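Open the model in your viewer and get ready to click along. Each stop tells you what to select and what is there.

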Amino acid sequence: MFTATVESFLTSLTSGFDPQCHKNYIPVCGSNGDTYQNECYRRLASCKQQRSISRVHDGPCSAGEFGLSESTLEWKEKPV
């Protein structure tokens, strides 16, 4: 479950502290074609990259879904 707020994300990013997301693997597919470990990591990536990354669906992204090959798909534990 996503428990941090946008305010806490912004505060933590400006203070150099990464908010803690739980480590449970409940994959979500982001609109950028990346699979995130859970909803919290997707939201964190969106905030850190300062762009909208919406949830396309629950579960990992699949090959061909975004014109990607199987070898380019990987889930992200920590946003880049």
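What share of the contacts in the protein with a separation of 6 or more comes from residues 24 or more positions apart? The share is 50%. Keep in mind that this is a predicted model.

**Stop 1: the whole chain**

Show the protein as a cartoon. The elements come in the order α-β-β-α-β-β.

The protein exposes about 5,000 Å². Carbon and sulfur atoms supply 53% of that area. Of the 80 residues, 35% count as buried.

**Stop 2: the disulfides**

How many disulfides does the protein have? The count is two.

Select C21 and C40. A disulfide joins them, with 2.1 Å from S to S. Look along the S-S bond. The angle about it is -70 degrees, and the link is left-handed. C21 sits in the loop between α1 (6–15) and β1 (28–30), while C40 sits in helix α2, so the bond ties together parts that are 19 residues apart in sequence.

Are these two cysteines buried or exposed? C21 has a relative accessible area of 7%, so C21 is buried. C40 is buried too, at 5%. Buried here means under 20% relative accessible area.

Next, select C29 and C61. They form a disulfide with an S to S distance of 2.0 Å. The angle about this S-S bond is 105 degrees, and the link is right-handed. C29 belongs to strand β1 and C61 to the loop between β3 and β4 (75–76), so this pair ties together parts that are 32 residues apart in sequence. Both C29 and C61 are buried.

Count the bonded cysteines along the chain, and the pattern reads 1-3, 2-4.

Now click C47. Its relative accessibility is 17%, so C47 counts as buried.

**Stop 3: the salt bridges**

Turn to the charged side chains. Side chains of opposite charge can pair when their charged atoms come close. How many salt bridges are counted in this model? There are four.

Select E39 and R42. They form a salt bridge, and their closest N and O atoms are 2.3 Å apart. Both residues lie in helix α2 (residues 39–49). They are three residues apart, about one turn of the helix.

Is R42 buried or exposed? R42 has a relative accessible area of 9%, so R42 is buried. E39 is at 14%, so E39 is buried as well.

The relative accessible area of R55 is 44%, so R55 is partly exposed.

D58 has 57% relative accessibility, so D58 counts as exposed. The cut-off for exposed is over 50%.

Which residues belong to the network of salt bridges? Select E39, R42, R43, R55 and D58 together, because by the salt-bridge rule they are linked in one such network.

**Stop 4: a backbone turn to check**

Move on to Q50. This residue is found in the loop between α2 and β3. What is the phi of Q50 near? It is near 50 degrees, a positive value in a residue other than glycine. Most residues other than glycine have a negative phi. Show the surface again and find Q50. Its relative accessible area is 74%, so Q50 is exposed.

**Last look**

Return to helix α2 and show its side chains. Here you can find C40, which is bonded to C21. E39 and R42 are also in this helix.

Note on methods. Residues are numbered from 1 along each chain as its sequence is written. This is a predicted model: local features need pLDDT of at least 70, side-chain atom pairs count only at pLDDT 80 or more; totals for chains, interfaces and linings use all residues. Side-chain values use heavy atoms; hydrogens and water are left out. A salt bridge is a side-chain nitrogen of Lys or Arg within 4 Å of a carboxyl oxygen of Asp or Glu. Helices (H or I, at least four residues) and strands (E, at least two) are DSSP runs, numbered from the N terminus. Buried means under 20% relative accessible area, exposed over 50%, partly exposed in between (1.4 Å probe, protein chains only). Contact means heavy atoms within 4.5 Å. Accessible areas come from the Shrake-Rupley method with a 1.4 Å probe; for residues, only the protein chains shown count as cover. A disulfide is a pair of cysteine sulfur atoms within 2.5 Å.
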